[in-house]
Number of protein chains: 2
Amino acid sequence: MPASEGATYAPVPMPQPVVGPGEFVFAAAYLDHGHIYAMSEGLIGAGATLKWVYDRDPAKVEAFRTRFPQAQVASSDAEILADPDVRLVAGAAVPSERADLGLRVIAAGKDYFTDKAPLTTLEQLDAVREATARTGLKYAVYYSERIHVEAAVLAGQLIEQGAIGKVLQVTCLGPHRIGDLETRPNWFFERDKFGGILCDIGSHNFEQMLYFAGARNAEVVSASVANHAHRDHPMFEDFGDAHIVMDNGATGFVRVDWFTPSGLSTWGDGRTIILGTEGYIELRKYVNIATGEGGGHVFLVNDDGEQHIEATGRVGYPFFGALIRDCLDRTETAMIQEHALKAAELSVKAQLAARDVSPAIR
Amino acid sequence: MPASEGATYAPVPMPQPVVGPGEFVFAAAYLDHGHIYAMSEGLIGAGATLKWVYDRDPAKVEAFRTRFPQAQVASSDAEILADPDVRLVAGAAVPSERADLGLRVIAAGKDYFTDKAPLTTLEQLDAVREATARTGLKYAVYYSERIHVEAAVLAGQLIEQGAIGKVLQVTCLGPHRIGDLETRPNWFFERDKFGGILCDIGSHNFEQMLYFAGARNAEVVSASVANHAHRDHPMFEDFGDAHIVMDNGATGFVRVDWFTPSGLSTWGDGRTIILGTEGYIELRKYVNIATGEGGGHVFLVNDDGEQHIEATGRVGYPFFGALIRDCLDRTETAMIQEHALKAAELSVKAQLAARDVSPAIR
């Protein structure tokens, strides 16, 4: 079957800014993970106005202002929380501290948008569920490997349009490059802080499984983690995998690791393979290996044939505008709160259930 | 990184016939699965002499003799078992009857070569283990998706040569096309006969996990099966998946299904993705979707870059000659007996452990 541009499926129109200058003001607070840059870009691209930046580390603040000079430097997070202009606080704190920050943002009457994983313990999850239910305020999560990847956005549209029938299984491979260990902060290697590999980078994948399968709940039926090759950092995990059964009978599997070889042309060969009753979709998100092509590939196989659809520039990232409108309109169109937290719940439960398959003793 | 022909890794020389005419005589008995053709071709290509064919159904015998006119028609399997010329009996009986046939072949003092899955119950497994241990005779298994796929053979050579370091995880996707239901025999839909989907087509994948990871044993940590879309055949299973932890700390995952869409250019987009400490290998065994290319693709990514290696015509199928020599020399070079049976054990145990995730009641 020849490759085609998937003419049978029309992408939804590219998203446009949903507000004008000053209509939706946000702050960036806690810059521990570099995702805060993409989170801010996403919001700004959808029309939001960045007013403040805060971090304990002046060097991080200065670097952030090189890219976002419009951000005023706050002297404390309290200064941001006290500003009535600020509707939403975007944060990329150390994972174990994300819930505490979010609860303080919500207590200040503002919506919160955190980097994933949004939390690292079931106690934090309970507190977040209670606070969001009580206040109606948002604890939104930047599950970037779906919401900020056009191939994944397009896959969602195709599934919605019935391109592969009912989804039966979602397999996610999330390899990452560890790079120069010296450039990693200490928290990166401390399981209590990053939450474990299935919680940290696994959370992207639990979210995708639930989303693509259209499930509301799931059970982790097995999981494993390991530190195979980084024993100088005994509390690190460089490998994890997990198998889940969802409440609609679909299943999911995720493998995450820090073993991207130096010869790969990007940081990780992220894949998502979605099996449906009427066809399947494969996402080659960041690279199509050994073709010289970059990322953004949707492969769709169904009764119409085999199609290779380049997603780049076709669908954009509707999440950010939807989140802004949700904050203004008190709706839930970008992502249902319970969906975001269910993915977090599975991430933490997979971590708790995981068998350590590391060689010999730790 | 550019695609290359993987010049760093030299395939082992193509296998040649290991015996001359008449030096190794075999018979084909029970033709229920079409794999008997490829099993016979493999043996003949390695030098074996096909003397007999037997099946209860004269039409199957006649069809077989169209391709293999040299095969004499036996009036019963007893006639084959009584022939001292016959060293090995190749069989593709209904899966639930494969062990019984094998035990009779072994009782007649001959080696046995069965289509996969080689057996369907733990009781059969015990009997086969006892008979092979007592007699030293072989109960060899045609795990075609590895031994009769050049991409998989080449992957084994690459791993042996250290191309991806220590193997940590093997993910196998084994979709199959069900085709016209009317052409399928009754046993195809009866779980007691085909053994369940994880036993039947799953067995290929358990064998690959153990082989590529270099493991001797494993535990099935979770599994699921379903009949999602073939409820007219209530004892059929059209979906299965399983997660295993191997004795060397590597893990494995398999998804098998009968949902290949009609638009795919072949019967199934079989993949094997092997993660190692120093790189990874992806096999696109039967098709490289949306490229117009057929099968036989090895993708190797390690510190040397991203390589696309076409395996077709490069490595052949050394299993068959090795099996013949093993039978003559009483060695175990083609496949260790316990490895073949361990894969069968995992297949049956996955089936027994599987949660039924079918929608509603069966």
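Me: How do the residues of the lining of the largest cavity divide into nonpolar, polar and charged?
Reply: This is a predicted model, so local features need pLDDT of at least 70, side-chain atom pairs count only at pLDDT 80 or more, and totals for chains, interfaces and linings use all residues; side-chain values use heavy atoms, without hydrogens and water. Residues are numbered from 1 along each chain as its sequence is written, and chains are lettered from A and ligands numbered from 1 in the order in which they are written. Sorting the lining by residue type (Ala, Val, Leu, Ile, Met, Phe, Trp, Tyr, Cys and Pro are nonpolar, Asp, Glu, Lys and Arg charged, the others, Gly among them, polar) gives nine nonpolar, two polar and three charged.

Me: Which residues are the closest to the centre of the largest cavity?
Reply: The structure holds five cavities of 30 Å³ or more, a cavity being a set of 1 Å grid points where a 1.4 Å probe fits but cannot get out, lined by residues with an atom within 4 Å of a point. The largest has a volume of about 110 Å³, counted as the space filled by probe spheres on the points, which are joined across faces, edges and corners. Of its 14 lining residues, the closest to the centre are B:Lys138, B:Ala140, B:Leu323, B:Met335 and B:Gln337.

Me: Which elements of chain B each supply at least two residues of that lining?
Reply: Elements here are DSSP runs numbered from the N terminus: helices (H or I) of at least four residues, strands (E) of at least two. By that scheme, the suppliers in chain B are β6 (139-142), α11 (318-329) and α12 (337-353).

Me: Which residue of β3(B) stands opposite B:Trp52?
Reply: Strand β2 (residues 49-54) of chain B and β3(B) pair in the parallel sense over two bridges. Opposite B:Trp52 stands B:Gln72.

Me: How many of the 11 residues of helix α7 of chain B are buried?
Reply: Buried means under 20% relative accessible area (over 50% is exposed, in between partly exposed; 1.4 Å probe, protein chains only). The buried set includes B:Glu150, B:Gln157 and B:Ile159. Helix α7 (residues 150-160) is largely enclosed by the rest of the structure, because the buried count is 10.

Me: Which strands of chain A are the edge strands of the sheet of nine?
Reply: That open sheet has mixed pairing and the order β14-β13-β12-β11-β7-β10-β9-β8-β15. β14 (residues 305-310) is largely enclosed by the rest of the structure, because five of its six residues are buried. The strands of chain A that pair on one side only are β14 and β15 (355-356).

Me: Which residue of β14(A) stands opposite A:Leu300?
Reply: Strand β13 (residues 297-302) of chain A runs antiparallel to β14(A), with six bridges joining them. A hairpin connects the two strands through two residues. A:Leu300 has as its opposite A:Gln307.

Me: What kind of axis relates the two chains?
Reply: Superposing chain B on chain A takes a rotation of 180 degrees with 0.0 Å of shift along the axis (RMSD 0.0 Å), fitted by least squares on C-alpha atoms of residues with pLDDT of at least 70 in both. That relation is the one of a two-fold axis.

Methods: 1 Å grid on protein atoms, 1.4 Å probe; cavity = no way out; pocket = protein on both sides within 12 Å on 5 of 7 lines; lining within 4 Å. Pairing = 2+ DSSP bridges.
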